[in-house]
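Q: I am new to this structure and would like to learn how to read its features. Please take me through them one at a time.

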Amino acid sequence: MRKVTTASILIFHFLYLTPHSYSSPTNTQLKHPVFEKRAPESPEDLLAIEKQVRSVLQTSKKATVCIQGNGSGSGVIISEEGLVLTAGHVSGEPDKKLTVVLQDGTKLEAKALGRSSAADSGLIQITKEGKYPYVELAPPASVFKGDWIYAVGHPGGFDQERGLVLRVGRVIHRSTDTIQTDCKLIGGDSGGPLFDMLGRVVGIHSRVSMKNEQNYHVTVRAFKRDWERMLKGNIVSLDDSFAKIERKGGFLGIKRVSHPKGILVTGVIGNSPAAKAKLRAGDIITHINGAKIENLNLFRYLINKNGPGDKVVLDTIKRWDGGNGKVEVKLGNRNDFIPAKQPQNLGNG
Amino acid sequence: MILKIRLIITFQVLTLFSINIIEAQDFLDELPTSRRLNGKQTVKAFGIAGDNAKLSTITILSDKKAIALATIIDSDGYCVTKASELEGQEAFSAISPNSEKIAVDVLGTDKVTDLALLKIEPNIGKPVKWIMQKDYSQGSWVCSMNHQAESLMIGVVSAKSRSIKSRSGVLGVLLDPKDDPKKAGVAIVEFGPNSPALKEGIARGDIVIQVEEKEIMSRKELSDEIKKFAPLDVVKLKILRGDEGIAFNVTLNYMSNVFDMLDRNQKMSGLTSKRKAGFSDVIQHEIPLKPMAMGGPLLNLEGMALGVNIARSDRVTTFALPSELVLETITRLKTNQK
């Protein structure tokens, strides 16, 4: 009996420790063990990182550009036709004429497409036709805390003699819209690319913090979310970002917080569709119509894709009844439960 | 029954509370400092290179304040440091790699490279082993000791090796944008931070009519004249205040101490070196060193010295003089000694 217990503890530990090193799909493509270590342990480990960066750096540099027009920023070409990813505050107003400068100093006419003022993502199109050097975009959310990454850009503006400036570091934190790294950034770097060890773009330099080695990049996920609208030249603001893209107004009627397994219901509004479906505080919702709820934003998005009267199937873990189950809910109309905000009267009253 | 409900409520509150804590942890779920680029674990991986850096670096003190680092170049006790960090300082002493207080003499300085030759007692620490290589590859790991040689800091060679054009000294004045071609002289309308002109008693509204022997007719003429001088050069100015002509001798300041203070990128860079330009060759790297950490060696992963750190330029840039240039300068300074 005791032996069995010990064995199960060992297995538990094994499971507990391994996901960390295998969390990143990028790492499985990198052969050297340093990419699965918590930190490099020897000069050989460090050399492996250096070699990996050098093996992809030249390609990265060819696709990295300086963008002039709203001050001087950086960007990265991600298609042969010359689509450029940059920061929203570098691309600026849609349709504005900008100049893109390649590594060798070649100046190209370009124009701003759309941007997101919420995420600070922006797109630019080189308008002169040609075949441009470009780099691959990493899949959304493919970079993880602790991953080795490198930043390239034109800090302080274009300088032919100096060339592009490299910085190497690690991912400190990642959220939906932002990657935080210890790569050092300064004015002029904005819009420049952050690469994973395979030379794929995982982020775009956006903001600096007071601390030198703590800076912020926009995620690929944030770009992809607003992609179509930015291509059309729209400005995406905080109000209409993500959660409101397809706001059809379907209403469930719960208060909730995020939970490792989905979302945790913390309250249910009386008579709401959630109440009728017997959802209660303490229940966990893991899926909506089969789609896994990875965070609160996704939950809001998935509910809002549906209008009043639409039926959705929730996968739930019930606190009170026990066990897992599927619950079908007919969504209501938000306005029946939460009165729409009336414009404030600023007149004589 | 009441008890049961109370239990349930308590349980639920506790559950929610713990969830909130998990959320808070998630929010703070950052990579531990020790595992970051300049964290203890990562830096430790440098091994021998790190040991070498520590053993060949001394800290230079002026009165008890650490003002620079220096590189031990041989067992006779010769060292080099950044010369401009010694300007205006006195009562020098040093701290050895073993944290002992030692005496240090300044034997000579070289304005061109901004290096100074120092002498400490023989057989202190471990002299650097130089490696001569003209252009270091971007991405090569490098390490140096930080301020007061307290800890090792690491980074990579971040850009091409090249020369950095020199910057002239400055008066620290803003001039009247309206040039009147009929009138001689240019009016001063404002002063920059740490303006040496203001310090000498020049006032707003004063008109600069002469720099050294040259009469000034326009803004451009004034700026061209001043550009001929280096920081700390003393420049003779003739000023018209009302009807009175007054002569001033102004010691020009470093651009870094004056107009850089207004520059956005410099503002976000923290402390930088006052002399960060006018080098015939530099290696650019990203190690975030303080300006008081200049003068120490820059080592590669094998523990060989690529050069000597010479300037903290901005938030992303540190310059080192390559070993070849350092050795040439040492030879020159030693010859001048004899």
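Q: Which residue of S15(B) does Ile207(B) stand opposite?
A: Two strands are said to pair if DSSP finds at least two bridges between them. Strands themselves are DSSP runs of E with at least two residues, helices are runs of H or I with at least four residues, and both are numbered from the N terminus. Here Ile207(B) stands opposite Leu240(B) in S15(B). The two strands concerned, S13 (residues 207–211) and S15 (residues 234–241) of chain B, pair in the antiparallel sense over 4 bridges. This is a predicted model, in which local features need pLDDT of at least 70 and side-chain atom pairs count only at pLDDT 80 or more, while totals for chains, interfaces and linings use all residues. Residues are numbered from 1 along each chain as its sequence is written, and chains are lettered from A and ligands numbered from 1 in the order in which they are written.

Q: How many bridges join S15(B) to strand S16 of chain B?
A: S15(B) and S16 (residues 244–251) of chain B run antiparallel and are joined by 8 bridges. Within this pair, Lys236(B) stands opposite Asn249(B). The hairpin has 2 residues between the strands, and Gly242(B) takes a positive phi near 65° there.

Q: How does the radius of gyration of chain B read against that of a compact globule?
A: The radius is taken over C-alpha atoms, and the globule rule is 2.2 Å times the number of residues to the power 0.38. For 338 residues a compact globule would have a value near 20 Å, but chain B has 27 Å. Its C-alpha atoms fill a box of roughly 100 × 65 × 40 Å along the principal axes. Chain B holds 7 helices and 20 strands.

Q: Which residues is Gly82(A) in contact with, leaving aside neighbours within four places in sequence?
A: Contact requires that the C-beta atoms of two residues, placed from the backbone, lie within 7 Å. For Gly82(A) the partners are Ile77(A), Gln125(A), Ile126(A), Gly130(A) and Tyr132(A).

Q: Which strands form the closed barrel of chain A?
A: The barrel has 6 strands with antiparallel pairing, in the order S7-S8-S9-S12-S11-S10. The twist from one strand to the next averages 45°, where axes are lines fitted to C-alpha atoms, for helices over the stretch in contact, and angles run from 0 to 180 degrees between N-to-C directions.

Q: How many residues does each chain give to the contact?
A: Chain A gives 44 residues and chain B gives 40 residues. On the side of chain A that touches chain B, S8(A) gives the most, with 9 residues.
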